[in-house]
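User: I'd like to learn how to read confidence and aromatic rings in a model like this one. Could you take me through it?

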Amino acid sequence: MAIPISYNIRNLILRKGLTIMTALGIALTVVSSGDPLNVLVLRKGSEAELSGGFNADLLPTLRNLPGLAKDSHGDPLASGEWVVVIVLPRKDGTGEVNVTVRGMMPDGLELRPAVKLQEGRWFTPGQREVVVSKSIHERFSKANVGDTLEFGKGPWKVVGIFDAGGSAYESEIWGDVNQMASDFDRQGGFSSAYLRATDAVAADALKHRVSDDQRLKLDGMLETEYYAKQTKSAGPIKAVGFIVAVIMFVGSCFAAMNTMYAAVAYRSREIATLRVIGFTRSSILLSFLLEAIVLSLVGCVVGVLLMLPFNGMTTGTSNAVTFSEVVFRLRLTPAVLLTATILAAMMGLVGGMFPAWFAARQNILNALRD
């Protein structure tokens, strides 16, 4: 005979002080970029756009490859681009850092549909105009619409601010590729090219077609693959986060275990009474396990609520490959919430197993005497 779930809920409510403290302890532990249809083309052997470079005469050949999507004018959706690094002062006055500037063709905007204009307008081709990401606007001086940035051979007017949706483009400034090439004396070539495929199958075929063509001497890769390699600089951050998560996971398991052991000791007569009236050891075991899991899930909810004020917080780190600052955000995504829920349930299961087993194996007569 199974013990009703309402029994566990009532016990958690009656022991609300202990429940809240344990939930808070568990709560403290609950704390990619690129488009899969975009194919990035670099000079063979290059590891980053900053160190790439190939002749502009190769772009028409790339544009005529099969599998490319069409732009709003019916032409192949492709963009030759230049990536350079400039120095900008932080808005908080803590110093100057390297920032990535990307020169692109008009199709460069169209093949990045996830990027949305937030304020102002897009840059006009052939003009010394730039648009900055929302993160650049928030973190650096003279990055408001109407301001002027000094780099290259003269001033560049900021005409817009875009939201890159948390992608790697949050760390960039965009302008016209020809003006950028002129300012940095890089005419006649591109550091990279972006090709927009019609679908995922075409994208995979396109990257291999570029890499296998011996005439081009270029490498093709999915944009998602490229940025996965570029995020190696975030490895130490992930490692520290993983270590902290493991420590907190183990600590929360012990917290749940201590709570459940205390509950078993406090309710020993109650457990014996349940056995006397017909409840089996397996039903008592499952009941206490369920109670531990519910307690952990309450802690998960509390932890998520505590994290909400930090959702969207922006910070940056240095990219060892491009030598420029990479902006990243702390985000509570559905995947993060699902992971937190699963981990919380695991904490309850692991932490509640031994106390539940102890409760189910108690001697009835001794428990009633106590």
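User: Which elements of the chain have the lowest and the highest mean pLDDT?

Analyst: pLDDT is the predictor's confidence in each residue, from 0 to 100; helices (H or I, at least four residues) and strands (E, at least two) are DSSP runs, numbered from the N terminus. Here helix H2 (residues 16–27) is lowest, at 45, and strand S6 (residues 129–133) highest, at 96. This is a predicted model: local features need pLDDT of at least 70, and side-chain atom pairs count only at pLDDT 80 or more, while totals for chains, interfaces and linings use all residues. Residues are numbered from 1 along each chain as its sequence is written, and side-chain values use heavy atoms, without hydrogens and water.

User: How many aromatic pairs are there in the whole structure?

Analyst: Rings of Phe, Tyr and Trp (its six-membered ring) pair if their centres lie within 6.5 Å; planes under 30 degrees apart count as stacked, over 60 as edge-to-face and the rest as tilted. The search finds seven pairs. One of them, Phe-151 with Phe-184, is stacked, at 6.4 Å centre to centre and 25° between the planes. The partners are 33 residues apart, Phe-151 being in strand S7 (residues 148–151) and Phe-184 in the loop between helix H6 (177–183) and strand S10 (189–190).

User: Is Phe-151 buried or exposed?

Analyst: Buried means under 20% relative accessible area, exposed over 50%, partly exposed in between (1.4 Å probe, protein chains only). Phe-151 is buried at 6%, whereas Phe-184, at 23%, is partly exposed.
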